[in-house]
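Take a look at the chain below. We will walk from a loop to the core, then on to a pair of helices.

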Amino acid sequence: MELADSSVCLTYESGPAELVDFPQTDEPVHILGNAYSTFYDLDELKADILSRIWITYRKNFSPIGGTGPTTDTGWGCMLRCGQMMMAQCLVIRHLGRDWRWSKDSLNDPVYRKVLSLFQDKRTSYYSIHQIASMGVSEGKTVGSWFGPNTIAQVLKKLSVYDEWSAIVTHVAMDNTIIEDDIRTLCKNFTANRDNGQLESKSISDSSPLTAGSSLKESSWSPLLLIIPLRLGLTDINSLYFNSLKMCLSLKQSVGIIGGKPNHAHWFVGTFEDELIYLDPHTTQPVVDIGSTNTTGDESYHCCHASRMKLNHLDPSVALVRGREEKREREKAVDRKRCKGSGREKKREIIVLLF
């Protein structure tokens, strides 16, 4: 597979991204549930990273709200990380986890449709325009930086409009997941859609999706579960490191949203004591993949991921899981207790196998 031009892998705010290949060690690299050997699977590892949809700052898009900003440089990194996470969820939903990008992927109408949902225009369901505007309902003015919980709540609201994907998005607050509530949500969403009880959610008549375009009906709607957590006060507690690595090694993982204060990343994997992430801090010109003059989709794929030490992660994160089948969801609940020291309360990271 041809790799994208490495020139698009430079970051705007933090300089060049880490472009050094993974060192050859016995420790496997985990990317969203897939394990790779750096001795034998390096090409497959690179292809997996390249195939994730990389969404960065853009400039020269139409003003948000008609009179707002035309670039999100400096404030939109958490919004872009939320887009990347949701894009991964939709890739799994419509193309499968093993789908791999190539330079002719735009010829695939399903992939093109997924990518169109994240275009920088008002009519795209998960556009920077829709996310920034919906953030107002969460107390964020357009142009404000989001935290993990804010982007989770906004994506929950926007996903209702996406009838093609028909995904139930649930944000688990206070570290609590109630299985019966989730079961009811997934069943009721499907029943309401089948009975025509969902409101018409078209953002625009020119939206890329139309009513009745959802996937084959079933009695269970796929679930996207987002768990906002705070894993320390000012610094992340090292007791959580193994649990975070475990989360990214699960097949159901669609990543972790977090990073450093006012500097967000989408974390997609782990290697030894490091987290692997895609960095949105690159400003690129707006691209319209529906235009006859489009330059292609290469700017939505990055040939190299960046890495950071686990202990550099900000303690405020959002873990994200997705699964389509009810049967696999009900197989197990893995509760990983992480005991604090001193007067710190016990916390519990709950990972549902959806």
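Is Asn 60 buried or exposed? Asn 60 counts as exposed, because its relative accessibility is 56%. (Buried means under 20% relative accessible area, exposed over 50%, and partly exposed in between, with a 1.4 Å probe and protein chains only.) This is a predicted model, in which local features need pLDDT of at least 70, side-chain atom pairs count only at pLDDT 80 or more, and totals for chains, interfaces and linings use all residues. Residues are numbered from 1 along each chain as its sequence is written, and side-chain values use heavy atoms, leaving out hydrogens and water.

Asn 60 sits in the loop between β3 (57-59) and α2. (Helices are DSSP runs of H or I with at least four residues, strands are runs of E with at least two, and both are numbered from the N terminus.) The phi of Asn 60 is near 70°, a positive value in a residue other than glycine. Ala 166 is not a glycine either, and has a positive phi of about 50°. Ala 166 lies in the loop between α5 and β4 (168-171). With 2% relative accessibility, Ala 166 counts as buried.

Now go inside. In soluble globular proteins, nonpolar side chains tend to be buried together. Here the largest nonpolar core has 67 residues. (Such a core is a set of buried Ala, Val, Leu, Ile, Met, Phe, Trp, Tyr and Cys residues joined through side-chain atoms within 4.5 Å.) Helix α2 (residues 77-94) gives the most to this core, with eleven residues. A second, separate core has 27 residues, including Tyr 240 and Phe 241.

Ile 53 is among the residues with the most contacts inside the largest core. Leaving aside neighbours within four places in sequence, Ile 53 is in contact (heavy atoms within 4.5 Å) with residues including Met 84, Ala 87 and Val 91.

Next, follow α2 to its meeting with another helix. α2 and helix α5 (residues 148-159) pack at an angle of about 50°, with their axes 10 Å apart. (Axes are lines fitted to C-alpha atoms, for helices over the stretch in contact, and angles run from 0 to 180 degrees between N-to-C directions.) The two helices, α2 and α5, are therefore oblique to each other. (Under 35 degrees is roughly parallel, over 145 roughly antiparallel, 65 to 115 roughly perpendicular, and the rest oblique.) Which residues meet? Met 78, Leu 79, Gly 82, Met 85 and Met 86 in α2 meet Pro 148, Ile 151, Leu 155 and Ser 159 in α5.
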